[in-house]
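Please open the model in your viewer and keep the selection panel at hand. The tour goes from one selection to the next, with a short note on what is there.

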Amino acid sequence: MIKTKGMPLRESSDLRVRLSLMLGVSVLSFTLRYELSLLILFLSLCFWLYLFGLKKEMLGFLFWYAFLWIGLSLIRDIPLVKKTALAFVGVYARRLMLPIMCARTVMQDSHGKFMATLSKMKLPRTLVLSLSILLRFMPTLREEFRHIKNARKSRGIASSVVQTLAHPLLSLECTLIPLLIRTCKIADELAASASVRGAKIEGERSSWYEVSMRTKDWILLLGCMMFLIMLYFFDPYLGRLSLWLN
Amino acid sequence: MNSLQENKVIGLKEIVIVVLMSALSIGIYLFCAMPFMASPKWSVLGGYSLGALISGPVFVLAITKAPKIGASFLFFAVKGIYAIVMGQIPTGIVYLVGGVLCELVMFGMYKDIKKATVSYCLHSVIFGIGSFTPMFLAADVYAKQMLDAGMDQSVVDAMVYDLIAPSFLAIAGALLIVGSIMGVFIGYKVLKKHFRPAGVA
């Protein structure tokens, strides 16, 4: 039996609880109609991030939400702002931010545990394998791009923004082709590595990580879902309340 | 799985190459959309069209290296998985359905340039326009919130309803198709010039 008392939420909660919350928030992010309801959901998710020890991320989301809401409401009467898409971006981005906040907590598990949970959910192996490769390759891609940029600079090709804009096709060719060739090489190495680790085996696979929904997880899941359902049903009342407060 | 099926259906090595190419394509689209992010209309007209053009060689290399059942679906499905992981579940579902359609277009003819072009055009159109799935699902909610924020009805119409208007979708679709056709054309040229001599494809 694994003792979870006193462990931070990120280590003690099951991934499936966080995935369910992400699904619920994703639906609510475009069904809630009133500003006050959105604000309650946003603040609750800030608290959720805090519980996961993601204080830096929480402050980042708080800053952007405040910037997009308060900042834009301060400058909304300026004709240029009225005529441009800034107000729209403010509204759209704030709604998109909500499921992304949940996604941050989903990505907290170690890679192995994440994969073990997805396998436990009986998802197709191709999907689990694709996700595993995707999550591992994204940082590698950034690193490869940086190397190619340095190599380009050392040869005096597209070494500045002005040069890049002056020779866009050359810059593109000198970036894209090496990136594609490197990607092919990495793919060969990854395929060999996955093959050695038994990715081709058809039968049941075991995992180092124990994946199970404990009582605590069920309570957490129930609490989160109750909160989201209540928020959905109280949305019109919260709208009226915000009108009354105005 | 018998050996005949194994030869026709995408295997481990092909899965890895297609997933990596799709990840690269996501990076290209994000990079291209960045300068146009202030305007949703221009992010489709400019960002996604440019992304379709630059991502063309990536798609061509992916299907050349993995000309098997599932390659075209996986190239699009990875984008759907990425959207779902990022919390954009409705958009992710649209991309997965788009992947099935792209696969149906190419089914069994993975070396046919015309089929590849049609499949990639479909991919680009669904990827570009599908990125606004929440807008299609809840345009009124966004419009109401913008009106509450003090915007004029004319501005709201221009930002929300014009984005899902058939006329805009037709223009965006046409631009995405042009970008995709050029992308695939450049892709095959690049394949001949760089990848075949280097022994990569």
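Predicted model: local features only at pLDDT ≥ 70, side-chain atom pairs only at ≥ 80, totals over all residues.

Residues are numbered from 1 along each chain as its sequence is written, chains are lettered from A and ligands numbered from 1 in the order in which they are written, and side-chain values use heavy atoms, with hydrogens and water left out.

**Stop 1: chains A and B together.** Select the residues in contact (heavy atoms within 4.5 Å), and you will have 56 residues from chain B and 55 residues from chain A. The area buried between the two chains is about 5,100 Å², of which carbon and sulfur atoms give 79%; buried area is the accessible area (Shrake-Rupley method, 1.4 Å probe) that two parts lose on being put together, summed over both. In chain B, now pick B:Leu12, B:Leu20 and B:Gln145, which lose the most area to chain A, together 14% of what that side buries.

**Stop 2: a salt bridge across the interface.** A salt bridge is a side-chain nitrogen of Lys or Arg within 4 Å of a carboxyl oxygen of Asp or Glu, and the rule finds two of them across the interface of chain B and chain A. Select A:Asp188 and B:Lys13, whose side chains meet in one such bridge at 3.9 Å, N to O.

**Stop 3: salt bridges within a chain.** Select A:Arg182 and A:Glu144, where the closest N and O atoms are 3.0 Å apart. This pair links helix 10 and helix 8 of chain A, the two residues being 38 residues apart. A:Glu144 counts as buried (under 20% relative accessible area, with exposed over 50% and partly exposed in between, 1.4 Å probe, protein chains only) because its relative accessibility is 11%, whereas A:Arg182, at 33%, is partly exposed. In chain B, move to B:Lys68 and B:Glu14, a salt bridge with its closest N and O atoms 3.3 Å apart. B:Lys68 lies in the loop between helix 3 and helix 4 and B:Glu14 in helix 2, so the pair ties together parts that are 54 residues apart in sequence.

**Stop 4: a surface patch.** Finally, select A:Ile229, A:Met230, A:Tyr232, A:Phe233, A:Phe234 and A:Tyr237, which form a nonpolar patch with about 670 Å² of accessible area together.

Conventions:
Patch = residues over 30% accessible without salt bridge, like charges linked within 9 Å, V, L, I, M, F, W, Y side chains within 5 Å. Helix = DSSP H or I, 4+ residues; strand = E, 2+ residues; numbered from the N terminus.
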